[in-house]
Amino acid sequence: MGSVWIGSVRMGSVPMEDPPTEGVPMEEPATEGVPRETPPMGGRPGADSPFALEPFALEDLDDARALWERTGMWLRPSDSPEQMALLLARCPDLQLVARDARGVLVGTAMGGWDGRRGYIYHLAVEPAWQRRGVAGALMDELEARLRAKGAMKAKLQILAGNDASRAFFAARGWLPEDDCEPWGKELVPGGAPPAHADPAAPEGLRTRKRG
Ligand SMILES: CC(C)(COP(=O)(O)OP(=O)(O)OC[C@H]1O[C@@H](n2cnc3c(N)ncnc32)[C@H](O)[C@@H]1OP(=O)(O)O)[C@@H](O)C(=O)NCCC(=O)NCCS
């Protein structure tokens, strides 16, 4: 699988018909797997530490889950490895991870496409890497890939109180849609958010999380 460097970001070539390149400044290529600079081991990344975007593989699920827990995301039964594997299999080219120069997973973004709407799930960035453009790079790529498939609109859910996420998406031109109510139905027990917690659900699944 080839890769190209875009600025300090190495883009893994996730298989798709028309990889989006329009509007993305291409700089010199780098040897795959060799970072331009090596950040100090164990410390916070430097301001210009490189990161790479790559396909989200099944083997990334454990690290991704740990990241989602660290970032306080609300996880429910549909976030089990088995369920996430369904999404990876259905839309493999819409699942992305960001890695630091050592290959450590520092961000995730997952997309869905049902032929009408694009959906964004599980955007998360390692706290030490936040405010360095990682989520922006992930979303630039994901939005471009959705657009390339023909998606004219994408949707996502932000839990009430998640101000960082609201600020992030607002800065990208996303808007809350208060002209219609988001409705849903839990098709299995234990998936409801805290305010609607299903008393029959196991305790761990009733605990809140932002997401
Ligand atoms: C939301 C989140 C993904 C943003 O990731 P990030 O890599 O820090 O975002 P970026 O660095 O690309 O931010 C781009 C811009 O978004 C806005 N932004 C991002 N985080 C922000 C925050 N905490 N407060 C205010 N604005 C913010 C800023 O305009 C920022 O640009 P700037 O840093 O030049 O000011 C990250 O905070 C996160 O992982 N949160 C926990 C998980 C989560 O809530 N995910 C969203 C689920 S819907």
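How do the residues of the shell around the ligand divide into nonpolar, polar and charged? I looked this up first. The shell divides into twelve nonpolar, seven polar and three charged residues. For these classes I counted Ala, Val, Leu, Ile, Met, Phe, Trp, Tyr, Cys and Pro as nonpolar, Asp, Glu, Lys and Arg as charged, and the others, Gly among them, as polar.

**Ground rules**

I am working with a predicted model, where local features need pLDDT of at least 70, side-chain atom pairs count only at pLDDT 80 or more, and totals for chains, interfaces and linings use all residues. I number residues from 1 along each chain as its sequence is written.

**Entry: confidence**

I checked pLDDT, the predictor's confidence in each residue, from 0 to 100. The protein averages 79, and 69% of the residues score at least 70. Over residues 12-43 the pLDDT is below 50. Beyond near neighbours in sequence, that stretch has 47 contacts in the model. I call two residues in contact if their C-beta atoms, placed from the backbone, lie within 7 Å. Residues 201-211 also have a pLDDT below 50, with 24 contacts beyond near neighbours in sequence. Where pLDDT is low, the predicted coordinates should not be read in detail.

**Entry: overall plan**

I found five helices and seven strands. Helices (H or I, at least four residues) and strands (E, at least two) are DSSP runs, numbered from the N terminus. Along the sequence the pattern is β-β-β-α-α-β-β-β-α-β-α-α. Of the 211 residues, 25% count as buried. A residue is buried if 20 or more other C-beta atoms lie within 10 Å of its own, exposed if 12 or fewer, and partly exposed in between; C-beta atoms are placed from the backbone. Residues 24 or more positions apart account for 60% of them.

**Entry: strand S4**

Is S4 enclosed or open? I checked residues 95-100. Six of the six are buried, so S4 is largely enclosed by the rest of the structure. Both faces are covered. Gln95, Val97 and Arg99 are buried on one side, and Leu96, Ala98 and Asp100 on the other.

Next I looked up the partners of S4. Two strands pair if DSSP finds at least two bridges between them. S3 (residues 51-55) pairs with S4 in the antiparallel sense over five bridges. Pro55 has Leu96 of S4 as its bridge partner. S4 also pairs with S5 (residues 105-113), again antiparallel and over five bridges. There Gln95 stands opposite Met110 of S5. S4 and S5 form a hairpin with four residues between them. In that turn, Gly103 has a positive phi of about 90 degrees.

**Entry: strand S6**

I moved on to S6, which is mostly covered, with six of its eight residues buried. Six bridges join S5 to S6, and the two run antiparallel. Trp113 stands opposite Gly118 in S6. S5 and S6 form a hairpin with four residues between them, and Gly115 in the turn has a positive phi of about 95 degrees. S6 runs parallel to S7 (residues 154-155), joined by two bridges. Gly118 has Ala154 of S7 as its bridge partner.

His122 is not a glycine, yet has a positive phi of about 55 degrees. His122 lies in S6. His122 counts as buried because it has 22 C-beta neighbours inside 10 Å. Arg131 is not a glycine either, and has a positive phi of about 65 degrees. Arg131 sits in the loop between S6 and H3. With 11 C-beta neighbours inside 10 Å, Arg131 counts as exposed.

**Entry: the core**

I looked up the largest nonpolar core, which has 27 residues. Such a core is a set of buried Ala, Val, Leu, Ile, Met, Phe, Trp, Tyr and Cys residues joined through C-beta atoms within 7 Å. Leu96, Ala98 and Val134 are among those with the most contacts inside it. H3 gives the largest share of this core, seven residues. Leaving aside neighbours within four places in sequence, Val134 is in contact with Phe51, Ala98, Val106, Gly107, Val125 and Trp129.

**Entry: back to the ligand**

Which residues come nearest to the ligand? Of the 22 around it, they are Gln130, Ala135, Gly136, Ala164 and Ala167. A residue is near a molecule or strand if its C-beta atom, placed from the backbone, lies within 6 Å of it. S6, H3 and H4 each supply at least two residues of the shell. H4 gives the largest share, five residues.
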